[in-house]
Amino acid sequence: MEIKRYDCGVRFATAVEYNGMVYTSGLVTSDRTGDITAQTKDVLSKIDAALEKAGSDKDHVIMVNIWIADMKLFGEMNAVWDEWVSKENMPVRACVEAKLAGNGNLVEIAAIAVKK
């Protein structure tokens, strides 16, 4: 089976496709000045783009890991998540508080999806 890597940078690929599965890296916002709402929207749009490039979409996501800088922001992040997630195709999910790399990052999200 072939492994396909998408948008490879210096340290990692944005997504990797293997055996009918798509794995995204933990993605963070491009604009660290925004609040948790803006950052979550930005990160989820990056996940949409990475999945699309690899032949999948949010309807095919089976697992998500979310790291947030402060659990006090959990409700605000969830409000954006609830608007984005496919209600008919809910993935399993974990969300934990963590010190995030890069000053100003409030949320990081990684997803695993099945190809369409």
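The model is predicted: local features need pLDDT of at least 70, side-chain atom pairs count only at pLDDT 80 or more, and totals for chains, interfaces and linings use all residues. Residues are numbered from 1 along each chain as its sequence is written, and side-chain values use heavy atoms, with hydrogens and water left out.

Helices (H or I, at least four residues) and strands (E, at least two) are DSSP runs numbered from the N terminus. Strand S4 (residues 61-68) and strand S5 (residues 92-97) run parallel and are joined by six bridges; strands count as paired if DSSP finds at least two bridges between them. Trp67 has Val96 in S5 as its bridge partner. Between S4 and S5 the chain passes through helix H2 (residues 74-84), and this β-α-β crossover is right-handed, that is, clockwise from the first strand over the helix to the second with the strands pointing away from the viewer.

The largest nonpolar core holds 25 residues, and those with the most contacts inside it are Ile47, Ile66, Trp81, Val107 and Ile109. Such a core is a set of buried Ala, Val, Leu, Ile, Met, Phe, Trp, Tyr and Cys residues joined through side-chain atoms within 4.5 Å. Two or more residues each come from H1, S4, H2 and strand S6 (107-114). H1 gives the most, six residues.

The largest pocket contains about 240 Å³ of space. A pocket is an open set of points on a 1 Å grid over the protein atoms alone, where a 1.4 Å probe fits, with protein on both sides within 12 Å along at least five of seven lines; lining residues have an atom within 4 Å of a point. Grid points are joined across faces, edges and corners, and the volume is the space filled by probe spheres set on the points. Helix H1 (residues 36-53) supplies the largest share of the lining, three residues. Among the lining residues are Asp7, Lys46, Asn105 and Glu108.

| Residue | Location | Relative accessible area |
|---|---|---|
| Asp7 | strand S1 (residues 4-8) | 45% |
| Asn19 | loop between strand S2 (13-18) and strand S3 (21-24) | 46% |
| Lys58 | loop between H1 and S4 | 28% |

Asp7 has a positive phi near 50°, and Asn19 a positive phi of about 50°. Lys58 and Val85 are 27 residues apart in sequence but 6.9 Å apart in space, C-alpha to C-alpha.

Conventions. Buried means under 20% relative accessible area, exposed over 50%, partly exposed in between (1.4 Å probe, protein chains only).
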